Amino acid sequence: MQTISGILPLMTNPRFILYVMLGAVAGLFVGAIPGLSVSMASALLVSITYTWATGDAMATIMGVYVVGVFSGALSAILINIPGAPSSVVTTLDGYPMARRGEAYKALRYATVYSFVGSVFGLLAMAVVARPITTLAVRFQPMDYFLLALFGLSTVGGLTAKSFSKGLFAALIGIFFSLIGLDPIMGTPRLTFGIQNLKAGVATVPALVGLFGFAEVLSVVAEGIRDGEVTGIRQQKVPMGEILKELPHSLWYCTVGTLVGALPGAGGPVASFLAYGQAKRLVKNPSRPFGEGAYEGIVASESANNACIGGALIPMLTLAIPGDAVTAIILSVFYVHGLKPGPTFMKMDVAHFYEVLAGGLWGCVFLLILGLLVAPRISRVINVPKRVLMPIVCVLCVIGAYACNKRIFDVGMMFFFGILGFVMRRRGFPTAPVTLGLVLGSMMDANFRRSVSLASTSKVPLVTLFGRPVTILLLILTAVTLLTNTPLFACLKAKKQ
Amino acid sequence: MRLWKKEKAQDAAVMLLLGAALTLHCLERITASKVKAPLMMSPYLFPVILGGAAMLLGCLLLRTAAAERQDEAEPPRLRLRDVAAVLLLSAAYDVLMTRIGFIPATALYLLAFIAFLGERRPFILIPVAALTPLVLYAVFKLGLGVRMP
């Protein structure tokens, strides 16, 4: 009830709605055009919205986020290239449907179930956020450290083929977050005599480089290849027929929300898991899975959009982002002087409502744009990359510069772009770098605080790990780390 | 045929080296520090742990690289010369921007970059290079109030 009365003024505020709509339209194109990503757009938006009111910034970013995740399905269906990593699974059945002349039908299913997934995830966030906050208020520094470590170890395991590479990527992010003045002692650390590094590595140029410039370099390295757009022929697809999949969809949404809430997992993992569930649940699909079954699109799109609300839960209540985009949204909060975490729902509840209302309006625009505009923009999503990529570079430069007005940051953006490119080439994922970058200094401060508190205690181990929450987090982290070691793999293989 | 195993071993070696370099640098900073803070509060404690963890992960990767026996397909050939050219162009753009300003530098950058990527048709090349900086400036600086280079 409190939440409804909180979001109602925003839901009826024309200015707020306009900003969400702007974000939604931008998200539709950004998500749909391969080479542009929601992470990239959000990173650029951090610098663009730097001088805006927090509410306007939140509205725009939520519009981009919700519609951007959905619109990745457009290029997945029409040109067999996912516009976003979370739409990879949609290509499996979406493109075969388009080849058969059912692109319009595939888009309808993708739109409706992206809407269902997004609304489900956001409502779950509205319901769950408050209880989690009451639990999180009791967290001690060591709990925060372990929670962040758990998130990084999970992301390390889920985003790369090699666990070591995934976790190493997170360590790279933590390393860069430690550069600058030490928050406890106030002395410069790891600056290597570079004056500009005393202020630390700015998050926005780093993110723009990792997700924007690195993408350009990857496209150039692989050679410019433009996809071929499948034509769209309008067909009659009754809404009643589409909604028959709703009961299954609710299960995929639950999977998506839970995976989203797991720090670091995100849309790609959720859609793969949901697709696996669909194969088990749907005994008689319209066509075999992978050959144009709309049930596959329902699973993928419900789950990856439900991730949005799921990923926002740990970000808002614990300041631990669920995926790369929420890591970027977290930096928007910091840029605007807000502190997400256990006290967020008490101190800044108005901004929680902004996120929720922005997300819900984003869902409305998703439905409108998806049903009315998406089938008509098939030509636009195939913008030649040889024209698009240079423009993306210019946008990256603007984004990197705008936050701190320093040319040095443009150089940093280029550096992170090269780093991201090299990492991708060598099979290191870049998403954990983002999480490490955002969480690193928090981990450092909490670790040292807890160790220093324990060092004055007579029973230091009990002070450090003696609480039930700490023990639970310790076990979870240890299990995640140990099950990914080669020794465990050997034992498992022997057992089999 | 190139082996992925070899690449994995190379990656592991880099991880080990970077971890060792970070650990040694931080230990050296701890011992050289004039302010004698307790080790637990030292700003270099966490980076030392980080370096150690990197070395451990390097060892784990090396272990898996050694355990693998199968040769896999050769990775796709990359156009690294093109990447180097893009980096040079971008560095030049960075320098030019501070000398001649955002709009002319961006126009030149786009012209060179788009032409380099293979688009030679003047009716696309010239309008895109000339109009994009103006549109971006109008939208970002005048419309959205973004601070521009």
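Q: How many helices and how many strands make up the secondary structure of chain B?
A: This is a predicted model, in which local features need pLDDT of at least 70 and side-chain atom pairs count only at pLDDT 80 or more, while totals for chains, interfaces and linings use all residues; side-chain values use heavy atoms, with hydrogens and water left out, residues are numbered from 1 along each chain as its sequence is written, and chains are lettered from A and ligands numbered from 1 in the order in which they are written. Helices (H or I, at least four residues) and strands (E, at least two) are DSSP runs, numbered from the N terminus. From the N terminus on, the elements of chain B read α-α-α-α-α. The totals for chain B are five helices and zero strands.

Q: What distance separates the centres of domain 1 and domain 2 of chain B?
A: Chain B is divided into domain 1 (4-67) and domain 2 (80-143), with bounds that come from an automatic or database domain assignment. Taken over C-alpha atoms, the centres of these two domains of chain B are separated by 40 Å.

Q: Which residues have the most contacts inside the largest nonpolar core?
A: A nonpolar core is a set of buried Ala, Val, Leu, Ile, Met, Phe, Trp, Tyr and Cys residues joined through side-chain atoms within 4.5 Å, where buried means under 20% relative accessible area, exposed over 50%, and partly exposed in between (1.4 Å probe, protein chains only). The largest such core has 205 residues, and those with the most contacts inside it are Tyr65(A), Met125(A), Phe176(A), Leu312(A), Leu316(A) and Phe333(A).

Q: Why does this core lie between domain 1 and domain 2 of chain B?
A: The core in question is the largest nonpolar one, with 205 residues. It lies between the two domains because residues are given to it by both domain 1 (4-67) and domain 2 (80-143) of chain B.

Q: Is Pro47(B) buried or exposed?
A: Pro47(B) belongs to helix H2 (residues 45-67) of chain B. Leaving aside neighbours within four places in sequence, Pro47(B) is in contact (heavy atoms within 4.5 Å) with Leu178(A), Arg189(A), Leu190(A), Leu22(B) and Cys26(B). Because its relative accessible area is 0%, Pro47(B) is buried.

Q: What is the phi of Leu190(A) near?
A: Leu190(A) lies in the loop between strand S2 (188-189) and helix H9 (203-222) of chain A, and at 2% relative accessibility it counts as buried. Phe192(A), in the loop between S2 and H9 of chain A, is exposed with a relative accessible area of 51%, and its phi is positive at about 50° although it is not a glycine. For Leu190(A), a residue other than glycine, phi is likewise positive, near 55°.

Q: Which residue's side chain meets that of Arg189(A) in a salt bridge of 2.9 Å, N to O?
A: A salt bridge is a side-chain nitrogen of Lys or Arg within 4 Å of a carboxyl oxygen of Asp or Glu, and Asp182(A), Arg189(A), Asp444(A) and Arg448(A) are linked in a network of them. Arg189(A) is buried, with a relative accessible area of 1%, as is Asp444(A), with 0%. The side chain that meets Arg189(A) at 2.9 Å, N to O, is that of Asp444(A). Arg189(A) lies in strand S2 and its partner in helix H19 (residues 431-455) of chain A, so the pair ties together parts 255 residues apart in sequence, the partner being Asp444(A).

Q: How many residues apart in sequence are the parts tied together by Arg467(A) and Asp143(A)?
A: The side chains of Arg467(A) and Asp143(A) meet in a salt bridge (2.5 Å, N to O). Arg467(A) lies in the loop between helix H20 (460-465) and helix H21 (468-483) of chain A and Asp143(A) in helix H7 (residues 141-159) of chain A, so the parts that the pair ties together are apart in sequence by 324 residues.
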